[in-house]
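Hello,

Here is the structure for you to look at. My notes on what turned up follow below it.

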Amino acid sequence: MLVGVIPFGLIAGATPVTDRFGGAAAVGFSTIVFAGASQLAALDALAHGGSVVVAVLAACTINLRMLLYSASISPYLTDEPLPRRLAVAYLLTDQAYAVSITQWSADADSRPRLPYFLGAGLLLWISWQVSTIVGVLVGSAVPADVPLDFAVPLVFLVLLVPTLTSRPALIAGAVGGGAAVAAAEAGAGPLYVIVGALSGIAAGAVADVLEDRGRR
């Protein structure tokens, strides 16, 4: 998974330099925001003349999926004190969520799970910061026709495939992906993420209920 994060981080480092925001802005975005898709959305808004408010709204809209992640993993961390959960919330990313929920869902061990999440999150954070700095240093030397942005969809595919282990999950993925594409083509902007997520959740829930009734 880290192999897929590195090209993504390179883009996060190179894009601000290409858009003339400078290397300090790139490192600042990666340190404070620490969310690749949201970083790129905010930078794109600013680079095309959007205000700071528009950039923040674009980033927050894309990051709304973190609310879904939080709701999903909260049952596994409910025994942890609130200050600890608040402290590690900064490390919640697509990758940290995916590896943690996959591990916890398959493991009946009741030992504290926060160290696993903390280890995954810190490893990803370090990889992200290092690849961002490398992107700042060498990004402008990469020819424009080298398709580094191919890494973005690949990272999310790596996260998605291991979770498609049941029929409801497959249906949720198919419906969610289709709805997101349809919403994007219809001009929903960053909200296509939310449209896809909610559609996938609804389809997966219905499929799960129908499957459960079929077993009775």
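The protein chain has 11 helices and 0 strands. Both are DSSP runs numbered from the N terminus: helices are H or I with at least four residues, strands E with at least two. The radius of gyration is 18 Å, close to the 17 Å of the globule rule for 216 residues, so the chain is as compact as a globular protein of that length. That radius is taken over C-alpha atoms, and the rule is 2.2 Å times the number of residues to the power 0.38.

This is a predicted model: local features need pLDDT of at least 70, side-chain atom pairs count only at pLDDT 80 or more, and totals for chains, interfaces and linings use all residues. Residues are numbered from 1 along each chain as its sequence is written, and side-chain values use heavy atoms, with hydrogens and water left out.

Now the aromatics. The whole structure holds 4 aromatic pairs (ring centres of Phe, Tyr or the six-membered ring of Trp within 6.5 Å; planes under 30 degrees apart are stacked, over 60 edge-to-face, the rest tilted). Phe8 and Trp128 are one of them: centres 5.5 Å apart, planes at 90°, so edge-to-face. Phe8 sits in helix 1 (residues 2-18) and Trp128 in helix 8 (residues 114-138), so the pair ties together parts 120 residues apart in sequence. Both Phe8 and Trp128 are buried (under 20% relative accessible area, 1.4 Å probe, protein chains only).

Tyr69 and Tyr97 are stacked, at 4.3 Å centre to centre and 10° between planes. Tyr69 is in helix 5 (residues 65-77), Tyr97 in helix 7 (residues 94-105). Both Tyr69 and Tyr97 are buried.

Best wishes

Methods. Buried means under 20% relative accessible area, exposed over 50%, partly exposed in between (1.4 Å probe, protein chains only).
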